[in-house]
Amino acid sequence: SRSPAARPEASESLAAFGGKAEEAGGSADAGEEGVEDGGSESDWDAPDEEQENFLVQELLEWSAVRGAPDLASFFLSSLGEELSYPTAASDKTQPKINPRGAEVRLKDLSPADRARFSESGAKEWAAMLATGAVRVLSPEESVSARRRFPDRILSSRMVRRLKPVQGVGSLPEPKSRWCVHGHQDPDSETLEVYAPTPQSESVLMCLQIAASFGWTLTIADAQNAFCQSQRLERPRGAIFVEPCSGLPIGPDQLIELVAPVYGLNDAPLLWHRTLTDWLVGEGFTKSLLEPCLWLKRSRWGKLEGSVLIEVDDLIVSG
């Protein structure tokens with residue numbers, strides 16, 4: 001294919017794009033001169049979010065209208081956008097720019113993408129049942145629960161996002177997560193909810209320790225982590241949830257929470273306790289300086305391994 005410089009209209013578009021970029025973000029040469037003249041790097045003002053969105057929009061428009069849909073698809077997938085984009089043969093409607101990880105609305109998707117999210121939702125619900133995190137009540141049990149515990153029934157929703165996938169040109173992967181509305185939890189005022197997360201320095205320290213000792217390092221991710229937590233126990237009674245659209249459950253049925261699922265305020269803490277209890281059973285001890293760092297020592301006190309916890313992500317080395 002011909003390069004953009006070989007096409008007059010493309011060269012004009014690139015020139016116009018470059019002029020707008022320079023106008024929006026400032027001259028790079030001027031910024032370098034400011035540093036050489038004794039100014040600090042902080043004197044140079046980086047483009048703000050509005051300017052960055054403008055530049056991205058300009059590039060998307062050029063790549064789509066000028067016949068480079070692969071480039072447009074690459075940028076859309078890299079940013080976690082919708083899977084459609086304008087072309088010269090279609091209307092000139094601009095693609096909607098959503099930030100990375102933004103929630104996706106089914107009504108904005110094509111039938112094919114809706115089908116992909118339908119499969120993703122079914123997979124999510126199957127995992128919930130497989131882990132034993134929920135129990136679907138029969139219609140008769142649901143009627144009884146509604147009558148006896150009307151203040152302990154929460155609503156729920158299916159959160160859908162496009163998860164970026166590694167590889168140039170790879171399409172984002174549909175990701176569905178069933179979440180309850182934790183702000184409706186009647187026990188909220190009595191719950192302990194703080195779950196520690198590691199400092200950035202702790203992450204770097206773990207990587208340095210592994211490199212210095214020549215250890216094997218593994219980055220791990222716990223699948224459906226919260227659903228694998230210890231049984232949910234509430235002194236005031238069980239928590240029930242109304243099913244949302246996308247679940248293969250009748251509207252007259254309720255769901256009983258057996259484990260702390262996503263959305264509950266204390267779910268991160270209960271998962272953290274479940275994981276750390278397991279580490280204690282495996283002979284790990286918690287660092288005195290970093291509550292998310294767990295160390296394994298030999299019987300003679302020699303350091304043999306470490307685990308750094310950040311919710312459901314782990315850095316394991318040893």
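Two strands count as paired if DSSP finds at least two bridges between them. By that criterion this predicted model contains an open sheet of five strands, in the order β5-β11-β10-β9-β8, with antiparallel pairing. Strands of a sheet pair through backbone hydrogen bonds, either parallel or antiparallel.

The sheet ends at β5 (217-221) and β8 (284-286), the edge strands, each of which pairs on one side only. On average, neighbouring strands are turned by 25° against each other, direction ignored.

Helix α8 (residues 267-281) packs on it, touching β8, β9, β10 and β11, and its direction makes about 175° with that of β10. Helix α7 (residues 200-213) lies across β5, β9, β10 (303-310) and β11 (313-317), and runs at about 155° to β10.

The largest pocket holds about 600 Å³ of space. It is lined by 24 residues, and those closest to its centre are K163, K175, S176, R177 and Q223. The elements that give two or more residues to this lining are α5 (111-130), β3 (156-163) and β4 (173-180). By class, the lining of the largest pocket divides into 12 charged, seven nonpolar and five polar residues.

In the second largest pocket there is about 320 Å³ of space. Its lining comprises 16 residues, with L191, E233, R234, D266 and L270 closest to the centre.

Definitions and conventions: Residues are numbered from 1 along each chain as its sequence is written. This is a predicted model: local features need pLDDT of at least 70, side-chain atom pairs count only at pLDDT 80 or more; totals for chains, interfaces and linings use all residues. Side-chain values use heavy atoms; hydrogens and water are left out. On a 1 Å grid over the protein atoms alone, a cavity is a set of points where a 1.4 Å probe fits but cannot get out, and a pocket is an open set with protein on both sides within 12 Å along at least five of seven lines; lining residues have an atom within 4 Å of a point. Grid points are joined across faces, edges and corners, and a volume is the space filled by probe spheres set on the points. Helices (H or I, at least four residues) and strands (E, at least two) are DSSP runs, numbered from the N terminus. Ala, Val, Leu, Ile, Met, Phe, Trp, Tyr, Cys and Pro count as nonpolar, Asp, Glu, Lys and Arg as charged, and the others, Gly among them, as polar. Axes are lines fitted to C-alpha atoms, for helices over the stretch in contact, and angles run from 0 to 180 degrees between N-to-C directions. Contact means heavy atoms within 4.5 Å.
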